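Here are my notes on this model, point by point. Please read them with the structure open.

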Amino acid sequence: KAEAHLYTIIKIARDEDLKEQTGKDIYFDLVDHEKVRSFRIQKQLPFSTFKEEVAKEYGIPVQFQRFWLWAKRQNHTYRPNRPLNPHEEMQSVGQLREISNKAQNAELKLFLEVEFGLDLQPLPPPEKSKEDILLFFKLYNPEKEVLCFVGRLFVKALGKPSDILRKLTEMAGFTPDEEIELYEEIKFEPNVMCEHIDKKLTFRASQLEDGDIVCFQKSPKADSGTQVRYPDIPSFLEYVHNRQVVHFRSLEKPKDDEFCLELSKLHTYDDVVERVARQLGLDDPAKIRLTSHNCYSQQPKPQPIRYQGVEHLLDMLVHYNQTSDILYYEVLDIPLPELQFLKTLKVAFHHATKEEVVIHSIRLPKNSTIADVIIDLKTKVDLSSPTAELRVLEVFYHKIYKIFPLHEKIENINDQYWTLRAEEVCKTNDVPEEEKNPSQHDRLIHVYHFTKDPLQNQQIQNFGDPFFLAICEGETLAEVKGRIQRKLQVPDEEFSKVWKFAFISMNRPDYLQDSDVVSARFQRRDVYGAWEQYLGLEHTDTAPKRAYTANQNRHTHEKPVRIYN
């Protein structure tokens with residue numbers, strides 16, 4: 001580390017690197033400099049001495065080596081720009097790096113030009129005037145969808161492509177009379193630019209200069225009958241630039257890749273779901289619903305992608321300034337366009353006398369009301385009596401936050417975080433008629449189970465299923481306790497010895513005696529949120545602890561749960 005500033009890194013790209021990388025590691029530009037030979041050289045070393053090291057490394061005598069500086073162009077491509085002149089070659093490595101690199105980083109990138117004769121022995125570099133242009137050539141095969149580097153040539157600025165056609169067919173291994181088409185690879189960011197070259201114009205008229213890339217291929221024949229996906233070089237480079245391997249995961253198993261598809265970032269929404277449906281053997285692509293990936297949480301985004309809600313695959317993959325390669329899919333039972341006009345709610349049904357809680361999926365048009373939910377639910381559940389009525393509550397962390405009015409629209413109800421609970425309201429031994437229709441002298445109060453956590457400074461912890469209870473004016477705790485015991489079917493011994501009762505406001509318990517009038521504690525009506533004042537039942541939580549998520553979206557404790565989709 002102490003000596004690092006005394007050295008520079010020289011990266012040498014050769015024809016062999018271009019041949020090795022093009023069509024495998026890279027398709028655009030000429031070389032990935034991270035994958036070429038690096039030399040760590042002292043800055044004060046003369047460049048001529050470095051050339052001797054290159055001669056030892058590659059077996060190319062110094063007099064046959066010519067080095068070119070690379071330059072980053074305005075269109076963000078990176079090409080050989082000009083050869084080093086004799087004066088520059090006499091300088092030190094450190095001075096040369098400063099000439100080549102205004103960014104002042106520690107690397108010097110060079111292209112090593114070596115010419116070979118027919119006997120494959122190296123030759124001295126040819127004289128280069130301003131009229132000589134060094135061009136690099138790539139060959140495209142549409143049938144095999146293969147692009148490869150085939151060599152480079154010096155051409156005259158006032159010469160024409162027609163002058164070198166025979167040489168190009170020879171480089172490609174074609175017959176001398178093979179018709180070929182030429183294109184210039186201009187740039188690839190942000191979009192691919194690859195333009196046809198007119199063989200009758202001069203290279204200067206086509207604005208070709210040192211370091212430019214010419215791609216060529218056989219001229220497409222109209223009567224060939226061979227179907228190819230990308231018939232010419234521009235369409236192939238467009239495909240390469242936009243292709244994207246996407247890892248698809250089932251939304252039910254969001255950690256595991258199910259399959260991968262090679263798609264294009266420019267594929268439309270319909271293209272993507274059609275490919276997914278084909279992969280899954282599904283006849284109707286409209287039954288596929290996709291969800292994007294959150295790059296930060298590494299989980300599916302909360303909201304799925306709406307039907308044709310994005311234009312292209314790229315829009316599905318971009319999350320803020322990051323691009324993901326993961327999408328989640330679901331197979332729906334009805335087409336997504338139909339489903340989007342519907343709202344699906346998960347409603348937990350609590351029977352008046354049965355222990356088991358059953359969760360039903362209710363699917364209705366978005367403009368439906370809670371009354372419609374109740375009508376639909378009645379067709380799915382067994383009521384304790386034909387005349388039983390239902391009400392729907394909003395429950396969160398074992399507290400009742402709301403009784404939904406029958407006219408409330410379901411479109412904006414969120415069942416992702418709250419539990420929606422439907423329960424019977426009917427005249428039975430333990431649910432009096434006044435609870436269904438409390439008179440002005442009765443009050444409907446919240447009743448919650450709680451314990452005090454010894455590890456958290458005796459803080460109250462609610463658990464179990466909360467419920468409502470109608471109390472009468474003047475009714476004592478002793479009378480209310482009897483109804484609660486019958487409702488919850490608690491054995492006498494446990495109820496009398498273990499259970500305590502408290503009026504709780506703002507999370508502070510005030511314990512009650514049997515002779516206390518319960519309704520007297522619930523006189524204040526200006527308290528924020530009725531759930532903040534409740535009758536607390538303190539006893540041990542004896543129900544088995546199930547693993548459950550923080551959003552309390554599944555019932556836990558007290559009653560067993562069955563789920564119907």
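1. Start with one pair. Ser 292 has Leu 327 of β19 as its bridge partner. Strand β15 (residues 288–294) pairs with β19 in the antiparallel sense, over five bridges. Pairing here requires at least two DSSP bridges between two strands. Ile 288 also has its partner in β19, namely Val 331.

2. A word on the source. This is a predicted model: local features need pLDDT of at least 70, side-chain atom pairs count only at pLDDT 80 or more, and totals for chains, interfaces and linings use all residues. Residues are numbered from 1 along each chain as its sequence is written, and side-chain values use heavy atoms, with hydrogens and water left out.

3. Now the other neighbour of β19. Strand β13 (residues 243–250) runs parallel to β19 (residues 326–331), joined by four bridges. Ser 250 sits opposite Tyr 329 of β19. Helices (H or I, at least four residues) and strands (E, at least two) are DSSP runs, numbered from the N terminus.

4. Which order do the strands take in the open sheet of five? The order is β14-β13-β19-β15-β16, and the pairing is mixed. β14 and β16 (299–300) are the edge strands, each pairing on one side only.

5. Look next at helix α7 (residues 269–280). Its 12 residues reach 17 Å from first C-alpha to last, close to the 16 Å expected at 1.5 Å a residue. The expected span is 1.5 Å times one less than the number of residues. Gly 281 follows α7 and has a positive phi, near 70°.

6. Which residues of α7 are buried? They are Tyr 269, Val 272, Val 273, Val 276 and Ala 277. Buried means under 20% relative accessible area, exposed over 50%, partly exposed in between (1.4 Å probe, protein chains only). These residues lie on the same side of α7 because they cover an arc of only 130° around the axis. The arc is taken from the directions from the helix axis to the C-beta atoms. Their cover includes β13, β14 (257–264), β15, α8 (313–317) and α9 (336–339).

7. The largest nonpolar core has 27 residues. Such a core is a set of buried Ala, Val, Leu, Ile, Met, Phe, Trp, Tyr and Cys residues joined through side-chain atoms within 4.5 Å. Among those with the most contacts inside it are Leu 18, Phe 28, Phe 111 and Leu 237. Elements giving two or more residues are β3 (66–72), β8 (132–141), β9 (146–156), β12 (213–218) and α6 (233–242). α6 gives the most, with five. Another core, of 22 residues, lies apart from this one and includes Tyr 269, Val 273, Val 276 and Leu 317.

8. Leu 237 deserves a close look. Leaving out residues up to four places away in sequence, Leu 237 touches Phe 28, Leu 147, Glu 185, Val 192 and Cys 194. Contact means heavy atoms within 4.5 Å.

9. Then β3. Five of its seven residues are buried. β3 runs antiparallel to β5 (residues 107–113), over four bridges, and Arg 66 has Glu 113 of β5 as its partner. β3 is also antiparallel to β4 (residues 78–83), over five bridges. There, Leu 69 stands opposite Arg 82. β3 and β4 form a hairpin with five residues between them, and His 76 in the turn has a positive phi of about 75°.
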